[in-house]
Number of protein chains: 2
Amino acid sequence: MAQEKAPEGKAPEGKAGAKPRRPRAETPKGFRDYFGAEVTERQDMLSAIAGVYRLHGFEPLETSAVETVEALGKFLPDVDRPNEGVFAWQEEDKDWLALRYDLTAPLARVAAQYRNDLPSPYRRYAMGPVWRNEKPGPGRFRQFYQCDADTVGAPSVAADAEICAMLAGALECVGIPRGDYVVKVNNRKVLNGVMEVAGVLDPADPDRFAAERGIVLRAIDKIDRLGPEGVRALLGAGRRDDSGDFTKGAGLSAEQAEVVMGFTTARRDTGAATVARLRELVGTSALGAEGVAELETIAALLDAQGYGPDRILLDPGVVRGLGYYTGPVFEAELTFEILDDKGQKRQFGSVAGGGRYDDLVKRFTGQAVPATGVSIGVDRLLAALRAKGRIGAVAEGPVVVTVMDRDRMADYFAMAADLRAAGIRAEVYLGNPKNFGNQLKYADKRAAPVAVIQGSDEAARGVVVLKDLILGARIAQSATLEEWKDRPAQVEVPRADLASAVRAMLAGGGL
Amino acid sequence: MAQEKAPEGKAPEGKAGAKPRRPRAETPKGFRDYFGAEVTERQDMLSAIAGVYRLHGFEPLETSAVETVEALGKFLPDVDRPNEGVFAWQEEDKDWLALRYDLTAPLARVAAQYRNDLPSPYRRYAMGPVWRNEKPGPGRFRQFYQCDADTVGAPSVAADAEICAMLAGALECVGIPRGDYVVKVNNRKVLNGVMEVAGVLDPADPDRFAAERGIVLRAIDKIDRLGPEGVRALLGAGRRDDSGDFTKGAGLSAEQAEVVMGFTTARRDTGAATVARLRELVGTSALGAEGVAELETIAALLDAQGYGPDRILLDPGVVRGLGYYTGPVFEAELTFEILDDKGQKRQFGSVAGGGRYDDLVKRFTGQAVPATGVSIGVDRLLAALRAKGRIGAVAEGPVVVTVMDRDRMADYFAMAADLRAAGIRAEVYLGNPKNFGNQLKYADKRAAPVAVIQGSDEAARGVVVLKDLILGARIAQSATLEEWKDRPAQVEVPRADLASAVRAMLAGGGL
């Protein structure tokens, strides 16, 4: 049993004989904590989106954060360990469990598990954190929020159109005005039809040319960065970048490449014109024609409801990354510019995406179940609103009741209770009251608008002193006191008038 | 390498040659899913409690669900693996991570990590799921919600009094009326003082008699079930139960036991009388006297704010389980009776608890940081409200717009949009519209109050038919149609009047 002993001469940490070191007070790598307004702003956004989803007949669903790895489908092919993209652990009974990495996989599990009890179609919304076991980076965290809506059991693309319209409504509801966003719609079937015409998809042998199609997909996805010539090179023999590195291309002939390039530029001013152009491109491909017809139906439904291309448009350039989409795909982009980390202007980009995935529930039941849905990246959307200055102002803190005499804590608590009864957020200072300056510093750190003060003298006379901390801060910043002379930053009021006097001070009108 | 091969003749599952079996669609053992009103009722409760906490000046904090096992303090003594009570896994860099098992340990970590930036005292609230790797049982889940409020950095028991008063306010705010709950307050220092008098605590050697004190604690905790004689037996030589099993006692003499028994019956009608009795019991113990003085201060503060014993009372019978409490402890119990699984009446019992824990932050920093707080078991509280019938009624579903003609989906969507614009929850039927009976069954499953119907005939005449499904259900249950004759369950209204007519129907007043 020699192997089981600790290496000689090296005492294991924390064991007898070694002084146990103190634990580090650290958030785990790639995770973060959220304080104050960061929490309430997100909560408000989730509530607003949930309100839109509910109004459309979607029902809330909250699954557990933990799923079996088997249900998540996250075992690596031919390996007995889960995918490294998930946080997973093995139970004593040998089952592998993992934290959910999105809200779609749990929905597929629920749709299969409760298929006899749920209404069909089943419209549901879900919101909460998801976890990704990925390398963290700046602004990339391993836990973040999603807010999804999906319709399971509706084969018609009317369900996809509904999701797109609802997504536009949700964005406007959280404070992204019309003109600052666009929902782009495409269809995987159209893309596959174009592939068929270009000769890199054989309906009789779907696995053939899979590698070439992968290169084509990735090339289209990079068109914003590489430009048409770069994409054309990748569709052909390959592309050498500025550093001299060579990326192998899909090996398409010039004619084949031209078909694909035509697709990337198929967007026209109206949905009808885009549809007509796509119909030319997919030629005789049956799958492509089906996809074009679906896009046409979606566009017609949205047009009839008044969703013009200023809000929702057909855009063949949208290629969503996930492999499981089978039909319409959509993506919401914010169109306004922000300054990036390097001070460069850039479009904010994608904040939501989704599409139709008709095969996810089938994994469990063997029967195809049509499904479509959208996921809003709530944390990115919050970042966008913050970048535009629409949220994130310093939140006003509570009124702070200071403590002049520690034997009269009950009086101070009664003052705070009176304020709360009037709906005013209030707290009593609970640190060591000895140094009054510390109490005012505390009130400042709490962003308190008003401090309430009552020493023994004031108590004897039945009054309290109110200090207007917001006004005080303004006076301190101002060069001249002249403009403030009619608004005293500190007033004495009868104890009985405490709540009404504080309310007047909070309203900013003086007394 | 023979050991690494699969046993001969047994092909590993899911590998080449074996048909991969379908994953099971199952919630992991001990976890559950929440649907519809279960989700919104909990969200409403959390919002209501958060509102009370905020009004008292507490700030939201949301930590990540994942912590280092080191920060949670969940390594087993002298073992390199985490406590089995947590869900934990080892990262590639060898760090152990785990799901948080409560909201207090993450607060202690945050209070240490951000100690230079947070206001002091720091009042914070937190809400969210916590995870326990324990054997699940009926009604016992491995993921459940907590909703905590804590004050870090306030040494005064005024902070404890504030938490107790706020807890009472939170319970009333979520629908537990005065009289249906009581917040019980005790103090660990008093209990230790009594132990000192009874001779099972030696201030000069705190570890001595630790086993005896454990037996005493557990005995007091069982007084409701065993009665005074049973507890007395456990304090002495031991107790033989009805089945003949013997439990070893603490070995106290009759006089020592009498001191402890006096403590369990020390509760009097008023806080002042209870304090007086406790002061007798702790005799000359300095720690005990300190605890009694603290209870006296808490009682005085609460009395001054009008919290009589109908809401908050001193109760020496409260012995909270957690080892880390160092001063006041409190527990909220619901006093009404419910029927248990066996149909027996019993008090609902504890729904919240907390206390002072002055040593948790010290683990990280080495410096003592006073802290006190409460945790509300939101899922238990929801169960209580459900048992009383105060929540859990079947929620009304959306208005369902049926589909008579699948070529006119745009018209049906426009109807749903009109209803939503009027603030009415509405959806279009998105299943296969061929069988109209299925559409009405769907509306029934959705608990839809109204179905909207428009065939080609109605469309030509510019009208829609509204079916009052609630009224229809009542008529179906009623023996006589007589009483309903003035309220038609189905009416035809102009298309332009759709929203106003539905609203009138929802109001129950007919048209």
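Modeller: Five strands of chain B form an open sheet, in the order β16-β15-β17-β18-β19, with mixed pairing. Strands here are DSSP runs of E with at least two residues, helices are runs of H or I with at least four, and both are numbered from the N terminus. Two strands pair if DSSP finds at least two bridges between them. This is a predicted model: local features need pLDDT of at least 70, and side-chain atom pairs count only at pLDDT 80 or more, while totals for chains, interfaces and linings use all residues. Residues are numbered from 1 along each chain as its sequence is written, chains are lettered from A and ligands numbered from 1 in the order in which they are written, and side-chain values use heavy atoms, with hydrogens and water left out.

β17 (residues 450-453) and β18 (residues 463-468) of chain B run antiparallel, joined by four bridges.

Contact means heavy atoms within 4.5 Å. Helix α17 (residues 498-506) of chain B lies across β15, β17, β18 and β19 of chain B, at about 15° to β18(B).

Next, the nonpolar cores. A nonpolar core is a set of buried Ala, Val, Leu, Ile, Met, Phe, Trp, Tyr and Cys residues joined through side-chain atoms within 4.5 Å. Buried means under 20% relative accessible area, exposed over 50%, and partly exposed in between (1.4 Å probe, protein chains only). The largest core has 110 residues, and Leu419(B), Leu466(B) and Tyr53(A) have the most contacts inside it. Its largest share, eleven residues, comes from helix α4 (residues 158-173) of chain A. Another core lies apart from it, with 109 residues, including Ile424(A) and Leu171(B).

Elsewhere in chain B, strand β8 (residues 181-187) has seven of its seven residues buried. Both of its faces are covered, with Val183(B) and Val185(B) among the residues on one side and Lys184(B) among those on the other. β8(B) pairs antiparallel with strand β12 (residues 328-339) of chain B over seven bridges. There, Val185(B) has Phe330(B) as its bridge partner. β8(B) also runs parallel to strand β11 (residues 312-314) of chain B, through three bridges.

How do the copies relate? A rotation of 180° with 0.0 Å of shift along its axis superposes chain A on chain B, at RMSD 0.1 Å. The copies are thus related as by a two-fold rotation axis. Trp89(A) has the C-alpha nearest the axis in chain A, 2.7 Å from it. The superposition is by least squares on C-alpha atoms of residues with pLDDT of at least 70 in both copies. The copies meet through the same surface, because 100% of the interface residues of chain A are also interface residues in chain B.

Definitions and conventions: Axes are lines fitted to C-alpha atoms, for helices over the stretch in contact, and angles run from 0 to 180 degrees between N-to-C directions.
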